[in-house]
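Please read each numbered point with the structure in view.

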Amino acid sequence: MSRRRRMVVANWKMYGRLTSGLVLAREIAEKAEEARPLNFDLVLCPPATLTWAIGEALLGTPVMLGGQDCHTATHGAYTGDLSAAMFVDLGCRYIILGHSERRYGHGESSELIAQKVEAAQLAGLTTIVCVGETADELKAGETAEIIEKQLRESLPKKIKTANLVVAYEPIWAIGTGQQPEPEDVVTVHKQIRKVLGEVGETVRVLYGGSVTPSNAENILCEDEVDGVLVGSASLNADGFWAIAEKCQ
Ligand code: PEP
């Protein structure tokens, strides 16, 4: 069992409308209430449009809220963007940054992500920073090199490691049903701790990529894995809870 408090994060991406999102959040919260006290941190990251309503619904429950991305600035003429402080206003404690769908889908560089991490931490959020290799990088045996580079470049100099969580998300495993072997996940997590230096043992390192109720145990039984970041399987309350309760 990990020495660090475990964590299960739901990334709803661009799924969920007001009614369906509220139903899903309430169903998850009900299960979490029944399991009180939770021995792990449970975080829902809905689309920003749902955050306020879901935050109200989760009041008094052990479920926490997070955002999926934010801007580097506190405010300004940035049409369509949201600042970290705005997520704080909505009741968020966490924010996912550097997800591959931002890095590759929106061309975000590690340098930009580092600026976002700094802004989010300044606003008081705990940052969940994602790193991961592509299928080609895996085939070329470049995983270690890529992870080290992404991690070093995605963290600002003024990093507050107490407010840092790292998620190892191999890109080829996201939404594909494919997964690395648990021993390969362990190798990468150890490497992440090494890159983080002396604080490496205190930072939570999550795994993400096609986690389902049937494969979660294989990953979560590893000491090195402090929890999971779940995409598709977090859109069903029973399935998501079946994953989450493995940390209980
Ligand atoms: C993700 O998007 O962070 C993710 C892990 O997705 P999935 O669980 O669907 O692979």
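1. On a 1 Å grid over the protein atoms alone, a cavity is a set of points where a 1.4 Å probe fits but cannot get out; its volume is the space filled by probe spheres set on the points, which are joined across faces, edges and corners. The structure holds one cavity of 30 Å³ or more.

2. This is a predicted model, in which local features need pLDDT of at least 70 and side-chain atom pairs count only at pLDDT 80 or more, while totals for chains, interfaces and linings use all residues. Residues are numbered from 1 along each chain as its sequence is written, and side-chain values use heavy atoms, with hydrogens and water left out.

3. Residues lining the largest cavity (those with an atom within 4 Å of a point) include G98, H99, C130, E169 and I174. Two elements, α4 (100–103) and β5 (126–131), each give two or more residues to this lining. By class, the cavity lining has four nonpolar, five polar and two charged residues. Here Ala, Val, Leu, Ile, Met, Phe, Trp, Tyr, Cys and Pro count as nonpolar, Asp, Glu, Lys and Arg as charged, and the others, Gly among them, as polar.

4. The largest pocket holds about 510 Å³ of space. A pocket is an open set of points with protein on both sides within 12 Å along at least five of seven lines. Its lining has 21 residues, and K13, Q68, D69, R102 and H106 lie nearest the centre. Nine of the lining residues are nonpolar, seven polar and five charged.

5. Which residues come nearest to the ligand? Among the 14 residues around it, they are K13, E169, G175, S210 and S232; a residue is near if one of its heavy atoms lies within 4 Å. This shell comprises four nonpolar, eight polar and two charged residues.

6. An oxygen atom of the ligand lies 2.6 Å from a side-chain N or O atom of K13. For the side chain of S232, the corresponding distance from a ligand oxygen atom is 2.7 Å. A polar backbone atom of G231 is 2.8 Å from an oxygen atom of the ligand. The ligand taken alone exposes 290 Å², of which the protein buries 98% (areas by the Shrake-Rupley method with a 1.4 Å probe).

7. The protein has ten helices and eight strands, assigned as DSSP runs (helices H or I, at least four residues; strands E, at least two) and numbered from the N terminus.

Technical notes: A polar contact is a pair of N or O atoms within 3.5 Å; within protein, one must be able to donate a hydrogen and the other to accept it, and residues adjacent in sequence count only if both atoms are side-chain atoms.
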